Amino acid sequence: MRKPYVILIGSASGIGKSTIASELARELGIKHLIETDFIRAIVRGIIGPDYAPSLHKSSFDAYLTLRDKERFDGDTESLIEAGFEAHASFVIPAIERVIRRAVDDFDDVVIEGVHLVPGFIDIEKFKDDASIHFFILTADKEVHKERFVKRAMEVKRGGKHLEYFKENRIIHDYLIKNAIEHGVPVIDNKDIDSTLKRMLTLIREICKVMLFKHSVDELGDETSIILDKYGGRIVDVSYFLPGFVEPLKRNVNVFDPVEAKRFIEKLQDTPQRRKDLENLYKLSDNVHSHKICAPDKKSLESMIRDLDEKGYIYNKEEQEDTNSENQAS
């Protein structure tokens, strides 16, 4: 039997995590979808404002309750982060209790909310018993602002709530920073379809190891097919060098098209770096392998077909047959 899914989706207010969590739960057939705001409400009923004033504020204005605001000496970002940490720290133990209950009952669960802070939740203690996946969603500042305003109006939190976009953006940046530090995938929530594909690629682990043959110039096109078109992931790359029994293998775990494009741009801007990679390709006769993943089996098959049609898939047997024919002639 497979382990139960525990999927955690965190982000600042207005990024779109509630929509993504709902769609992901529907796609995976998960009936338990829990907002950390509900968990916070329960904790508030147990712990009063006199003992935990930050808990009884919102995540973005909890800093107003800090007793030692003076020590931040005008550092607004650190002040807001400290208030948020104090606020979230009261909710996280209850979140972990919910996860433990779901795991013990062998129930799949999706939990979403701003209180899911990478580094604060001890997900390691659940890994033996659950298939646990942690994501932090991000969005461009202007897109975030537009969604933040729309969200505030939909839930009738206009007025004062709308004044706190700056604080929410600071929390957004704080969550991204923590996610990177703790190896939690950051997913750019540009649209529902692409976000779901990237998350499902990481959750389902529908993968295949394939041999590739192409030049450095074609690297951008290869990654565009895998990452942009199919929302896939490149797990690793292995180069087969003459004189070495084992291939030279590197884990890359690339699933973000922006990250891939940034790498390609660095190659263009750094001639020595590009030359080094070209030399590595030359040593391996442009042949290398990737473990590639997709959100579902159909997408993986279509991805491989597209790569093959572009001539990027290397069929060793076909190449050997061609060499034999050439030698015979």
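Select Lys 127, which is partly exposed, with a relative accessible area of 37% (buried means under 20%, exposed over 50% and partly exposed in between, with a 1.4 Å probe and protein chains only). Its side chain meets that of Glu 124 in a salt bridge at 3.3 Å, N to O, a term that stands for a side-chain nitrogen of Lys or Arg within 4 Å of a carboxyl oxygen of Asp or Glu; Glu 124 is exposed, at 53%.

This is a predicted model, in which local features need pLDDT of at least 70 and side-chain atom pairs count only at pLDDT 80 or more, while totals for chains, interfaces and linings use all residues. Residues are numbered from 1 along each chain as its sequence is written, and side-chain values use heavy atoms, with hydrogens and water left out.

Next select Arg 100 and Asp 129, whose side chains form a salt bridge at 3.6 Å, N to O. Arg 100 lies in helix H3 and Asp 129 in the loop between S3 and S4, so the pair ties together parts that are 29 residues apart in sequence (helices, H or I, of at least four residues and strands, E, of at least two are DSSP runs, numbered from the N terminus).
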